[in-house]
Amino acid sequence: MLTLLLACAAAGLGAYLVAQGFLGALPHDHLATWAVLSLVLISISATAAGLVRLLGHGGLGLSAALMVFVGNPFSGAGSAPELLPKGVDHVGQWLPPGAGASLLRDTAYFDGNGGSGHLAVLALWSVCGFTAVMFGRRITGRAPGGALTSGASLSSLPTSGAASPGRRHTHAHAHARRNDDDGRLRTLHAGR
């Protein structure tokens, strides 16, 4: 999670430097604008990571569909949410791309006025995403890659090399049998 926070802060800074440094598009309150860009990235990334933790690889597709194919068109970032059809404008503002675009607009041009609701939406998505990352394995019984974590499923997996628990166990017993004739080594082995 710390890596995710640092990566989003660095990406937010990069986006800010491009948007302000090259384009001059974000002229006011530089630190707050960078923080908003980072929070938007954190909310989207944490949600994606949480869905992957809960659903496995399918969570990545769901988060992409939710953020890219629903969130971006319904965000009103290209114009204004008020210009979107009724209902769609509200859906977009409850998703991180829409809330982020509105909060960025409020911060960069209106000194943060009217941004508290959008800030709450981004914070909620971030907290839910991080909660899913932290506790998703306990809830679903899935490891990060989507494999089940129960003991029964591990025994059915194909094993290869010394990395498998069964082979290490067999190797340890073979080692003990080889050293069985030497009393000193047997005592050392038993003491481990």
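This is a predicted model: local features need pLDDT of at least 70, side-chain atom pairs count only at pLDDT 80 or more; totals for chains, interfaces and linings use all residues.
Visitor: Why is H1 called oblique to H2?

Guide: The axes of helix H1 (residues 2-22) and helix H2 (residues 30-55) come within 8 Å and cross at roughly 130°. Angles run from 0 to 180 degrees between N-to-C directions, and axes are lines fitted to C-alpha atoms, for helices over the stretch in contact. Under 35 degrees counts as roughly parallel, over 145 as roughly antiparallel, 65 to 115 as roughly perpendicular and the rest as oblique. H1 is therefore oblique to H2.

Visitor: What makes the contact of H1 with H2, by class?

Guide: Contact means heavy atoms within 4.5 Å. Among the residues that meet this are Leu4, Leu5 and Cys8 of H1 and Trp34, Leu37 and Leu41 of H2. The contact divides into 13 nonpolar, five polar and no charged residues. Here Ala, Val, Leu, Ile, Met, Phe, Trp, Tyr, Cys and Pro count as nonpolar, Asp, Glu, Lys and Arg as charged, and the others, Gly among them, as polar.

Visitor: Why is H2 called roughly antiparallel to H5?

Guide: H2 and H5 pack at an angle of about 175°, with their axes 9 Å apart. That angle makes H2 roughly antiparallel to H5. The contact includes Val36, Leu37 and Val40 of H2 and Gly100, Leu103 and Leu104 of H5. Its residues divide into 10 nonpolar, four polar and no charged.

Visitor: What lines the largest pocket?

Guide: A pocket is an open set of points on a 1 Å grid over the protein atoms alone, where a 1.4 Å probe fits, with protein on both sides within 12 Å along at least five of seven lines; lining residues have an atom within 4 Å of a point. The largest pocket is lined by 13 residues, of which Leu37, Val40, Gly100, Ala101 and Leu104 lie nearest its centre. Helix H5 (96-110) and H2 are the elements that give two or more residues to this lining, and H5 gives the largest share, seven residues. By class, the lining has 11 nonpolar, one polar and one charged residues.

How values were computed:
Residues are numbered from 1 along each chain as its sequence is written. Side-chain values use heavy atoms; hydrogens and water are left out. Helices (H or I, at least four residues) and strands (E, at least two) are DSSP runs, numbered from the N terminus.
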